[in-house]
Amino acid sequence: MVAYFCSERDTTTSHKLLDIMSYHRSTVKSFFSGLAIVFALSFLSISVNAQEGKAIFNQKCATCHSLDKKLVGPALRGMEERGPWGDRKKLYAWIHNPAGFIANDPYTQGLKNEYNGVVMTAFADLTEAQIDAIADYIKNAPPPGGGGPTNPDTPVAKAPESDNTLLFGVLTLILAVIALTLLQVNANLKKMSDDKEGVPAAEPVPFYRNKLYIALAIIALFVVGGYATIQGAVGLGRQQNYEPEQPIYYSHKVHAGINQISCLYCHTGAQEGKQATIPSVNVCMNCHMAINEYTKGPELYRADGSVVNGTAEIKKLYEYAGWDEGKQQYTGKGKPIEWVRIHNLPDHVYFNHSQHVVVGQQQCQTCHGSITEMDEVKQFSDLSMGWCVNCHRETKVQFNNNKFYSIYEKFHEDIRNKKIDSVTVEMIGGLECQKCHY
Amino acid sequence: MEQKKYWQNLGELNDTEGYQKLVKDEFQEDLPLLEDRKGLLDAKAPRRDFLKYVGFSTAAAAVAAGCEMPVRKSIPYLNKPENLTPGVAQYYATTYVAEGDVVPVIAKVRDGRPIKVDGNDGSFMTGKIEGTSARVQSSVLDLYDTARLQWPAEVVSSNEPPKELPLVLDPLDKKIAAELANGPVVLLTSTINSPTTKKIISDFFAKFPGGRHVQYDAVSYSGMLQANEATYGKRVIPDYKFNKAKVIVSIGADFLGTWLNSEEYASQYAEGRTINQENPQMSKHIQFEGMLSLTGSNADDRFIHRPSETGAIVLNLLAKLGGSVSAPALSDDKLKKGIDITAALLNENKGAGLVVCGSNDPDIQILVNAINELTGANGATINWANPLQTRQGIDNEMDQLVKDLNDGKVGTLLVYEANPAYNYHNAEAFKTGIQKAKLAVSFNDRVDETSALCKYILPHPHYLESWGDAEGRAGLISLQQPTIDHLFRTRYFQTSLLKWSGSDTDYEDYFKNHYVTQLGGQSAFDQALQDGFIEPKELTTASSAFNGAAVADAASRVSAVKAGADIELVLYQKVSIGSGATANNPWLQEMPDPVSRATWDNYAMISYKMAADLGIKLDDHYEVEYTKPVVEFTINGKPVKLPILAIPGMHDKVIAVALGYGREEGVGRAGKGVGYNAYPLVDGKGAARKYYVTDVTGAKNTGDTYTIAYTQTHNQYEGRKEVVREFSLADFKKQPDVLPHYRQELAEDFAKKTNNFRDEATLYPVFESPGAHWGMSIDLNACTGCGACTIACTAENNVPVVGKNEVKRSHEMHWLRIDRYYASYRDNTEGDNLNVVFMPMLCQHCDNAPCENVCPVSATNHSTEGLNQMAYNRCIGTRYCANNCPFKVRRFNWADYNGADSFGDNQHFSGVGKLDEAVLQMNDDLTRMVLNPDVTVRSRGVIEKCSFCVQRLQDAKLKAKKSQDPSLIRDVKTACMQACSTGAIVFGNVNDKESRVYKLRNVEQNRRMYYALEMIHVLPNISYLAKIRNTDRPVGVKEEHGAEEKKAEAHEQSHG
């Protein structure tokens, strides 16, 4: 990934209108959680086979085929009623070797003419069972127009935990006032009793000139101010909730949420190396060659509340990719997209996505938040060292499932002897400096 | 007389006052802050000022860091190449080719940038090892050299810089082609062994008849080539098999350092010297030489002589072995004895002896061939199948060319990878000659001494940018493929030749077509590219028919050679700089010479006796303070002033000067003007170059001084002597258990209850390593001191270059140094009773580390895997750790040498003012492309040190975790281990009983295994294997006192 420092400073006012946005978000959210329940029920009727089929369809076929729309290849809904495809054997033969099949088949020859002489790519690696699964999926897929189905597995976002700071603050204030009043009352009572007993009273001092109060106030101020200063200093350079405006309004909610595109379809690097990688423009075009308008999804809003024209954003992508929509070909005049980098770690930190995703089997959401509900992405975690370390303290290692850990004989023995029940990242050295700093 | 002592410098040997002061302080000067001022406490209002500074800097930092974060961009590819994942390294097989040298390498490419090269262990050309030389390791830096010419240029006049030529070169090509047609064309190159290039050259000369191709090697081997032609009928150099030889005799050949294919020889040499401790045996290496060379330092027995006596020695040896020659009498008794011993050993080991000679005199080489013939080496230790083709230059061809140039007989001179204006012995003649050629075109990569005299310079790309091939040994072809696109507007010189001979093919296409056709298809070609070579599955050994007709004549000519009247001069190459072509490489310039430990210079090496004769006192002023006297010698009648270094083991009447220094402006910022150019001293009177001069007179101390930045007084042990362990082979056979006994004694003394020295003899808790525990074993018997590991470490870990001025202040940053110990009789430090031991010293990763306890911020601490970790961002630079390190391996970053900070002022400080040009060159954006992105670039004010290449360990563990296979971490190699051609360094997980390092320590070599300073109970994770020397001379430190006293001493040290 090419990342460089820009001399310009971020002057976008991303947080100013957050309250307006949050109103929109919550309505949209409740609408979709409703939808999610409806579809979760309807999904129960679909076989597991079809679910697998859907995954394979998205991976292998969706680049050129849609269920209901003619793309590079024909729309596939109801394909079993067309041509020779009622016979699965022929379907296998075609998918495994289209060039061979077409020679003796007038139907596919016709298709070839219809699609400007383009013949489908061979998928020799698909097993017959997998092709069956795809066919089942195509047969049982829900009809269009019902909006995007939401994966029933996706946990419905929890209501944000109520923030009690204000309550505690108010309570403290009330208690402080009561204490102050009681002190005053006490002083007055003492004075009255002194008067009664004839003890000569000292000149009364108003509470704001009382040295005790002043000292207390200064100490309180020092503590509060010091805490705030240190917190502020610690937070320097951190960017939690950073949500810059991107060159293209790209909604993760539409892609990963509503359309259920796997995170790893685009962020391929997450399984292979340090960087999850932002997909190159050609990956976007795999789908967007066909999907050229945004019509069916929900209304999208920018941070300032203005409505986003989804179709116009797709045209922006075409501009970057150098895709001539009319001629359906590349002009060769593309340019890479300069995304604004949101998650930044200092240079002296080594972080490897594949370590966490493949070995640690962490969900993307653990660190990136409910990304499937964000339109433009914001930084969910503060990415501080304390945050890393806390997770390493608590997270349990896949100790018995990964043969690598067989070298930790001592821990295996301790588990057998019931001395410990699990091994955390900390125990295998996850808090040591040179796990991340070298 | 029997007593020996290991010492690194004279201060240590004599325990002088200056030396005591030097070792007292870890750092030789105060913090720069305190240096030039009276001290903060004397300032008028220090407290107020301090508070002001604190307030201001806090506010400034808050403003700089807090208010606005910079917007960072992430720019993915438009069209990502399919097999590329950002952040994941790719490896390409290619071939290092420089001045004829051929080394198949694997280049590591991170995000499009080659950052590291290592040997290709599949190829016979590397001897099937990954180890390489320091020069190969550093070649990746040359790719990013700022002095490379970035476009084709025209030299308008000698006063102004060359002018950039337009993008389209067609008009120029036509003009040059027309000029070529006019008159005799000469193509002057270094040795070319690329089959395709040779074909292009022959096609080129078919088009321009009357021309010729002259191959010219900066340091010539034409004597060997001609001798082999005379005796074996082949103008080639055979393949030597040092592993098959039981007796290795080298007469002035630096075969472990700079002689021919030395990395392969070093690996074979180490193989023959591997000790099987049950039945200890090893080859015997005898060295005859005038100076102390790297190879001589490793020899079992060493005999010193004047360079002019080389022929006499060879003749005497030949005569002793039964050759029918009459040998001149030698005056030196020791030398005579040496020849007797050598002859006897060679006679005992017929068919298992090997004699090599570094002389460039064809007559001497003929006699050496005769010796090898008599000892049965031909076909046994000398293999004539697949001979070496890395040097092909013949001296008189070059002499003829210079003559023709001066006679105006050359129309056009084309120069590729040759620089005679710098390294021809009579460079002036070449310089005047080249002016007389009608046209001169250079393909060199920079405006060097020769290019500056040419009309046009059309730079050739670096090998890492190139397609190409090389046939280093006949029948073994290595292929080059680019690892990065051309950084600059460079064009293959082959493309130019093709264009000018009327073909429109680019060399790239020509090359691909050639091999696709030859190998019979694209897929075979792809496979060959992936392998990096085209070689037969097995190699054969062959002998060659010897023709002794030339021996008698050669013998008579050799015996006529006269010795010099007084002093003689030896010209040698350093293992780092070599011929000087890579003089602008700061890594190589800063690499301490294995023997002299000097950086950034050449000098005259002389013996202690000569120093005394010249009235030079080798006191603290000389040794500790770096000021070396400048001595004037009259060499060939010309006065030459050189700083001297007194080195033990030099012949009393020999001085030695390294070639490859004294480059001019055009070489680049780092290399220009470093040292003295010794090429004009090369004797060119005869048909073959002689790398020694007999006419040296009038040596006198000028009284001037010169500072040489050398590191032999840095990082001292304060007399702790159990650092080096050495035995003679006979002693080791007699008492193989000295080291295990020593360990047992320690356990008995300090671990009385459990007999477990490790756990009981300490107050500190014992570290546990539940998973892996990393450890290293270093075999001192295999280490030749070549320094490849130092450069490999530099490349892998972004170790900064500090420049000569900083080395002088002990600020060199190498994480891995190679300590060179002299061991001699205490009362006789001179001559051939000298043993030299090389000991790689790096962070020992002590399990009971003294550095960790004293860090106030716990920036250095211990990991469960046995690593002594260093968290740079936590370090506040107190340097307590460095003070407390018994091995002196911690380095303090004094001045942001790598340019890591955004504050330029961090590179300036009082005392230095400005860093050297070399450091600034390393800070250039182009040069910084060589940095390894997986390793933090340290900034000013932190301690750094060897990390055991933790980035590689983490990567190996991640791979093992991903594929759920713990055995995969057995493959992990540190950079130094990978670069070591002799296999001296072995790294691994000592908790794994199948690992090499576990087996070496506990099974295979446990009798030689020891830890440095074991008695102080720091529990290092690096173990050493003691050096074994195959000699009858006494070796090793003899017990000075009774055993009891020694124990008491150890006791004291462990508590003190």
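This is a predicted model: local features need pLDDT of at least 70, side-chain atom pairs count only at pLDDT 80 or more; totals for chains, interfaces and linings use all residues.
I'll start with chain A.

Next, the contact between the chains. Chain A puts 56 residues into it, and chain B puts in 44. On the chain B side, the elements that give two or more residues are helix 4 (46-67), strand 2 (70-75) and helix 32 (950-962). Sorted by class, that side has 20 nonpolar residues, 15 polar and nine charged. Strand 2 of chain B also pairs across the contact: two bridges join it to strand 6 of chain A, residues 339-340, and the two strands run antiparallel. One position to look at is A:V340, whose bridge partner in strand 2 of chain B is B:K73.

Now the nonpolar cores. The largest has 312 residues, and those with the most contacts inside it are B:V314, B:L367, B:L571 and B:I655. Helix 13 of chain B, residues 362-374, supplies the largest share of this core, seven residues. If we leave out neighbours within four places in sequence, B:V314 is in contact with B:I251, B:C357, B:I364, B:L367, B:V368 and B:I371. A separate core has 13 residues, including A:A133, A:I134, A:Y137 and A:I138.

Staying in chain B, look at strand 16, residues 412-416. Five of its five residues are buried, so the strand is largely enclosed by the rest of the structure. B:T412, B:L414 and B:Y416 point one way, while B:L413 and B:V415 point the other. What does strand 16 of chain B pair with? Strand 8 of chain B, residues 185-189, is joined to it in parallel by five bridges, with B:L187 partnered to B:L414. Strand 17 of chain B, residues 439-442, is also parallel to strand 16 and joined to it by four bridges; here B:V415 is partnered to B:S442.

Last, a single residue. B:A147 sits in the loop between helix 5 (134-143) and strand 6 (153-154) of chain B. Is this residue buried or exposed? B:A147 has 20 other C-beta atoms within 10 Å, and therefore counts as buried. Beyond four places in sequence, B:A147 touches B:R446, B:N584, B:V667, B:G668 and B:R669. B:R669 is 522 residues away from B:A147 in sequence, yet their C-alpha atoms are 7.3 Å apart.

Key: Residues are numbered from 1 along each chain as its sequence is written. Chains are lettered from A and ligands numbered from 1 in the order in which they are written. A residue is buried if 20 or more other C-beta atoms lie within 10 Å of its own, exposed if 12 or fewer, and partly exposed in between; C-beta atoms are placed from the backbone. Two residues are in contact if their C-beta atoms, placed from the backbone, lie within 7 Å. A nonpolar core is a set of buried Ala, Val, Leu, Ile, Met, Phe, Trp, Tyr and Cys residues joined through C-beta atoms within 7 Å. Ala, Val, Leu, Ile, Met, Phe, Trp, Tyr, Cys and Pro count as nonpolar, Asp, Glu, Lys and Arg as charged, and the others, Gly among them, as polar. Two strands pair if DSSP finds at least two bridges between them.
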